[in-house]
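Here are my notes on this one, written for someone opening it for the first time. Have the structure up beside you as you go through the points.

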Amino acid sequence: MYTQALNDPSSKIATVEEGEEKLNDYFMERISADEKIEPNDWMPASYRKTLIRQISQHAHSEVIGMLPEGNWITRAPTLRRKATLLAKVQDEGGHGLYLYAAAETLGISREEMQQQLLDGKARYSSIFNYPTLTWADIGSIGWLVDGAAIMNQIPLCRCSFGPYARAMVRVCKEESFHQRQGYEILLALCKGSAEQKAMAQESLDRWWWPSIMMFGPHDANSTHSDQSMAWKIKRISNDDLRQKFIDATVPQAHHLGLEIPDPDLKFNEKTGHWDFGKIDWDEFKRVLAGNGPCNRERMEARTKAHNDGDWVRKAALAHAAKQAARKSTRKAA
């Protein structure tokens, strides 16, 4: 999936010998023409570095994102809910696999990416540092968190880097089911008892603002956005994506009969958008810095899982070496 459409050595980019400036000019021509950049194409070192940072962070987020929902699999209220939540958590693990594989085409190993995460040198989405306190939180994660992820990831299907774009096609299809699953959970709660609807409202109150923060800082304060937009890694700015998400989500909340926890929220007739209140960026920075409600818990769980799986990795490598030795012996014979 991640190595299809690689250029052969006779392609124009492989035969250009006019210096890095000319190569960069040709690279930007390809970007402007909406051509896909493949792993064996020439690319600026900074483009490669940006992709590794973004794709690995995305992969880490998928894997860490399994944790807040995973602890509700055995506590889900019905067998159907258990099965669908289990399937969702499995999907997230698969998304991490696709993304690690895409990043590996850029010359970094999966082991190196995972070590960067364990060493605290790589980040994952801040949203997964919040606790899942009630069953309604599983609905809120599906509706809000996966909904925000879809809003952010659909444009990535047109990312200039081919392996990343192709990975996102499947990821977005599966995420759309996750969003529907979450919304259906909240819909069932809102149609239930007064206590169940109150649980849904309380969950929305806690998850709304962290979900809004998922799109990152305002465009004026975003370190990487301008360059990523120029390279067409990113297609839509943070603020525009955030506004699209709010415009789509507010009517859904009204359909549920829930109130968005923002007293400044109001529809602007002139712009056709929902105006919203001030975001607490201090909280965002605090969570990113490792001081969120569950930062330490998440990393302790990830580190334990990595260490507990060490024997599996060693056994797999030993088996692969044994098979390779047998194959070599048969060829020699």
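1. Let's start with α3 and α8, which cross in a left-handed way (that is, the near helix is turned anticlockwise from the far one by less than a right angle; clockwise would be right-handed). On the α3 side, the contact uses Leu51, Gln54, Ile55, His58 and Glu62, and on the α8 side Tyr164, Met168, Val171 and Glu175. Contact here means heavy atoms within 4.5 Å. Sorted by class, the residues where α3 meets α8 are five nonpolar, two polar and two charged. The classes work like this: Ala, Val, Leu, Ile, Met, Phe, Trp, Tyr, Cys and Pro count as nonpolar, Asp, Glu, Lys and Arg as charged, and the others, Gly among them, as polar.

2. How do the axes of these two helices sit? Helix α3 covers residues 45–64 and helix α8 residues 162–190, and their axes come within 13 Å and cross at roughly 25°. That angle is why α3 counts as roughly parallel to α8. The cut-offs are under 35 degrees for roughly parallel, over 145 for roughly antiparallel, 65 to 115 for roughly perpendicular, and oblique for the rest. Axes are lines fitted to C-alpha atoms, for helices over the stretch in contact, with angles running from 0 to 180 degrees between N-to-C directions. Helices themselves are DSSP runs (H or I, at least four residues), as strands are (E, at least two), numbered from the N terminus.

3. A word on what you're looking at: this is a predicted model, where local features need pLDDT of at least 70 and side-chain atom pairs count only at pLDDT 80 or more, while totals for chains, interfaces and linings use all residues. Residues are numbered from 1 along each chain as its sequence is written, and side-chain values use heavy atoms, with hydrogens and water left out.

4. Now the other helix pair. Helix α5 (residues 79–104) packs against helix α7 (residues 135–153) at an angle of about 40°, their axes 13 Å apart. The two are therefore oblique to each other, and α5 passes α7 in a left-handed crossing. From α5 come Arg81, Leu85, Lys88 and Glu92, which meet Trp135, Ile138, Ile141, Gly142 and Asp146 of α7. This contact of α5 with α7 splits into four nonpolar, one polar and four charged residues.

5. Which residues touch the most other members of the largest nonpolar core? They are Trp143, Trp208, Phe245 and Ile246, in a core of 47 residues. A nonpolar core is a set of buried Ala, Val, Leu, Ile, Met, Phe, Trp, Tyr and Cys residues joined through side-chain atoms within 4.5 Å. Two or more residues each come from α5, α7, α8, α9 (194–213), α11 (238–256) and α12 (281–291), with α7 giving the largest share, eight residues.

6. Beyond residues up to four places away in sequence, Asp137 touches Pro131, Thr132, Ser203, Arg206 and Trp207.

7. Met199 belongs to helix α9 and is partly exposed, at 29% relative accessible area. Setting aside neighbours within four places in sequence, Met199 contacts Thr134, Trp135 and Ala136. Met199 and Leu189 are 10 residues apart in sequence, with 7.8 Å between their C-alpha atoms.

8. Most residues other than glycine have a negative phi. Asp34, in the loop between α2 (20–32) and α3, has a positive phi near 60°, and Asp34 is partly exposed at 44%. Lys232 also has a positive phi near 60°; Lys232 sits in the loop between α10 and α11 and is buried, at 19% relative accessible area.

Key
Buried means under 20% relative accessible area, exposed over 50%, partly exposed in between (1.4 Å probe, protein chains only).
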